[in-house]
Amino acid sequence: MNNQGPITGVGVMIFKEGNALFGKRKGSHGAGEWGFPGGKVELGESWKPTLIRETREETGIEIYHPEFICLANIKQYIIEGPSKHYTHLGYRAFWKFGEARVIELEKCEEWIWRPLWDYPEPLFIPTLVTIASYIEKKPFYDHDDVEEAIRNFKREFVKDYFAKRSSFRYRNP
């Protein structure tokens, strides 16, 4: 048995003019799924600098005002290998400048800006959990909570949330 503990990863839901940034993953767990920019926390690195660095490395854009959304125990990808157990930290931030482009060709096929309720499918599980947490204001998801979020997450769930907040816009602060 592998005694290595979970890897810490971050993901950031970035808003620009009412849209969120999604990338189509490739070359790792969740290949073919759509997710937010993010990656592994390096030894000695803090979480916010990690998400700023990962966003720059993956997309070429700069972000600001990152805020914590959720902490989740992501074990769904262990089937792809024991090193795929993650402690995920989901954040929200705003686009500052730059054009999103694929920089790490081995990790991402494309980046697209979409309204959050018009998300592409299938979603990368940490991205799904971050969106659910953002809507439900639930900051902590253990494995069973993640499984429940996966079962209950529907496009109508996201659309209804924003329909009730029709005046809400993702304006950069």
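**Contacts, cores and pockets in the predicted model**

Once its neighbours within four places in sequence are set aside, Lys 84 is in contact with Ser 28, His 29, Ile 74, Tyr 77 and Ile 78. The model examined here is a predicted one, and in it Lys 84 occupies the loop between strand S5 (62–74) and S6. Although its side chain is of the charged class, Lys 84 has a relative accessible area of 18%, and it is therefore assigned to the buried residues, for which the limit is under 20%. Separation along the chain and separation in space can be set side by side for this residue: Lys 84 and Pro 66 are 18 residues apart in sequence, and their C-alpha atoms lie 25 Å apart.

When residues up to four places away in sequence are not counted, Glu 104 touches Glu 57 and Glu 58. Of these partners, Glu 58 is also one of the residues that lie nearest the centre of the largest pocket.

That pocket has a volume of about 590 Å³, and its lining comprises 30 residues, with Arg 25, His 29, Gly 38, Gly 39 and Glu 58 nearest the centre. Two or more lining residues are contributed by each of strand S1 (7–16), strand S2 (19–25), strand S4 (38–40), helix H1 (47–59), strand S6 (86–97), strand S7 (108–114) and helix H2 (125–136). By residue class, the lining divides into 9 nonpolar, 12 polar and 9 charged residues. His 29, placed among the residues nearest the centre of this pocket, is also one of the contacts of Lys 84.

The second largest pocket has a volume of about 170 Å³. Its lining is formed by Glu 33, Tyr 119, Glu 121, Pro 122, Leu 123, Ile 125, Leu 128, Ile 150, Phe 153, Lys 154 and Arg 155, a set that divides into 7 nonpolar and 4 charged residues, with no polar residue among them. Several features of the model come together in this lining. Glu 121 and Pro 122, both of which line the pocket, are joined by a cis peptide bond with omega of about -5°, and Pro 122 itself belongs to the loop between S7 and H2. Arg 155, another lining residue, is found in helix H4 (residues 155–163), and its side chain makes a polar contact of 2.9 Å with the side chain of Glu 121. Beyond residues up to four places away in sequence, Arg 155 touches Trp 117, Asp 118, Tyr 119 and Glu 121.

In soluble globular proteins, nonpolar side chains tend to be buried together. In the present model, the largest nonpolar core has 33 residues, and those with the most contacts inside it are Phe 22, Leu 116, Val 129 and Ile 131. The elements that each supply two or more residues to this core are S1, S2, S5, S6, H2, helix H3 (143–152) and H4, with H2 providing the largest share, 7 residues. Apart from this core lies another, of 13 residues, among which are Leu 51, Ile 63, Ala 93 and Cys 108.

Cys 70 and Phe 97 are 27 residues apart along the chain, and a distance of 25 Å separates their C-alpha atoms.

Positive backbone phi values were found at two loop residues described here. Glu 17, in the loop between S1 and S2, has a positive phi of about 50° although it is not a glycine; its relative accessible area of 64% is over 50%, and Glu 17 is therefore classed as exposed. Lys 137, in the loop between H2 and strand S8 (140–141), has a positive phi near 60° and is likewise a residue other than glycine. With a relative accessible area of 57%, Lys 137 is also exposed, because this value too is over 50%.

Terms used
Residues numbered from 1 in each chain as written. Predicted model: local features only at pLDDT ≥ 70, side-chain atom pairs only at ≥ 80, totals over all residues. Heavy atoms only, no water. 1 Å grid on protein atoms, 1.4 Å probe; cavity = no way out; pocket = protein on both sides within 12 Å on 5 of 7 lines; lining within 4 Å. Points joined across faces, edges and corners; volume = space filled by probe spheres on them. Helix = DSSP H or I, 4+ residues; strand = E, 2+ residues; numbered from the N terminus. Buried < 20%, exposed > 50% of the residue type's maximum accessible area, 1.4 Å probe, protein only. Contact = heavy atoms within 4.5 Å. Polar contact = N/O pair within 3.5 Å; in protein donor to acceptor, adjacent residues only side chain to side chain. Core = buried A, V, L, I, M, F, W, Y, C linked by side-chain atoms within 4.5 Å.
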